[in-house]
Amino acid sequence: FVVNRKLDLPNGLNSIVGSRLYLNVVDMRKNEGLGAVVSKHVEILSDTTEDEGLQAVPHANGRDWWVITPKFRSNCYYVIYLDAEGNTSVTEQCLGTEFGPESWLGQSTFSPDGNKFVRFHWKYKLNIFDFDRCTGVLSNAQAISFPDIEFFRAGCAFSRSSRYLYATTHTKLFQLDMLAADIAASRTFIAEWDGFNTPFNTKFYMANLGLDGKVYIGCPGQHKHIHVINEPELPGTACDFQQHSIELFTSNFRSFPNQAHTRLGPVDGSICDSLNINNNPWAFFR
């Protein structure tokens, strides 16, 4: 299944805002394993939504999916249930920080265990939610401010265990301990951009957890390098953050992949574990 947007740009809205969400189905058994599109442009949702917040995580049964996309200029989120047959249902949940019109240049992600949904934005704070993979319900909204820092872009990624959350603020990188009694107070400064250019600046932007357990951080403009956190499970500067340590084959402009969180199996013992699959989510990547 592939979920994508069509940009209608109503009332002069910026192109970062999508106004329709579509479902496309690719059957990988066709075309000698290369796959073929068997269904496309099935409308799931028609409303203005935020481009930076689209995320997908497996359902607690290990088979179906949850897709989240924020509603434009609000504190509301559309939570879409997608089953193995391609059927969808949509709920709207409103909680936490209300976002205004300046809602671009941020990033959202799920924790690797699927229990947290995070949305970080330079103006509207680091927003952390509990997420129930069985019911699809967001709860316990927290908003962490960075009042001592001026920044215009924000990114975020978890360590593999889901304990540490890394937050980029354009020129600075921070680590937060999700197991701390006070997550905001656990904020630890890791590094500041060292001024390197390739040929434009390599300041910090979107971040992703890689299959190798490292966290990779992209840059906001045209560049030929990315940054890497080699030991993201270690506290503080022991995480071994290396700036512009990976050279790319060619120039890249801002882009960083937005990947579905495919590494989760069912929640063992959950009422949603109807498939009776033993959960070993990282087995295929070791």
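In the predicted model, His261 has a relative accessible area of 17% and is therefore classed as buried, the cut-off being under 20%. His261 belongs to the segment after strand 19 (241-253). Apart from neighbours within four places in sequence, the contacts of His261 are Gln55, Ala56, Val57, Pro58, Trp65, Thr109 and Phe110.

At least two lining residues come from each of strand 8 (107-110), strand 12 and strand 16 (207-209). The most is given by strand 8, which supplies four residues. Sorted by class, the lining of the largest pocket consists of 19 nonpolar, 12 polar and five charged residues.

The largest nonpolar core contains 25 residues, and Phe120, Leu126 and Phe146 have the most contacts inside it. Strand 9 (116-121), strand 10 (125-131), strand 12 (155-158), strand 13 (164-168), strand 14 (172-177) and strand 18 (222-229) each contribute at least two residues to this core. When neighbours within four places in sequence are set aside, Leu126 is in contact with Val118, Arg119, Phe120, Gln142, Ala143, Ile144, Phe146, Leu165 and Leu176. In soluble globular proteins, nonpolar side chains tend to be buried together.

Aromatic pairs number 15 in the structure. In the pair formed by Phe120 and Phe151, the ring centres are 5.9 Å apart and the planes meet at 45°, so the pair is tilted. This pair joins distant parts of the chain, with Phe120 in strand 9 and Phe151 in the loop between strand 11 (138-144) and strand 12, 31 residues apart. Phe120 and Phe151 are buried. Phe151 also pairs with Phe146 in an edge-to-face arrangement, with 6.2 Å from centre to centre and 75° between the planes. Phe146 is buried, as is Phe151. Elsewhere in the list of aromatic residues, Trp66, Tyr77, Tyr81, Phe110, Phe117, Phe129 and Phe131 make up one aromatic cluster.

Gly221 is located in the loop between strand 17 (215-217) and strand 18. The relative accessibility of Gly221 is 16%, and the residue therefore counts as buried. Residues up to four places away in sequence being excluded, Gly221 touches Asn252, Phe253 and Arg254. A separation of 9.8 Å is found between the C-alpha atoms of Gly221 and Ser251, which are 30 residues apart along the chain.

Methods:
Residues are numbered from 1 along each chain as its sequence is written. This is a predicted model: local features need pLDDT of at least 70, side-chain atom pairs count only at pLDDT 80 or more; totals for chains, interfaces and linings use all residues. Side-chain values use heavy atoms; hydrogens and water are left out. A nonpolar core is a set of buried Ala, Val, Leu, Ile, Met, Phe, Trp, Tyr and Cys residues joined through side-chain atoms within 4.5 Å. Buried means under 20% relative accessible area, exposed over 50%, partly exposed in between (1.4 Å probe, protein chains only). Contact means heavy atoms within 4.5 Å. Ala, Val, Leu, Ile, Met, Phe, Trp, Tyr, Cys and Pro count as nonpolar, Asp, Glu, Lys and Arg as charged, and the others, Gly among them, as polar. Rings of Phe, Tyr and Trp (its six-membered ring) pair if their centres lie within 6.5 Å; planes under 30 degrees apart count as stacked, over 60 as edge-to-face and the rest as tilted.
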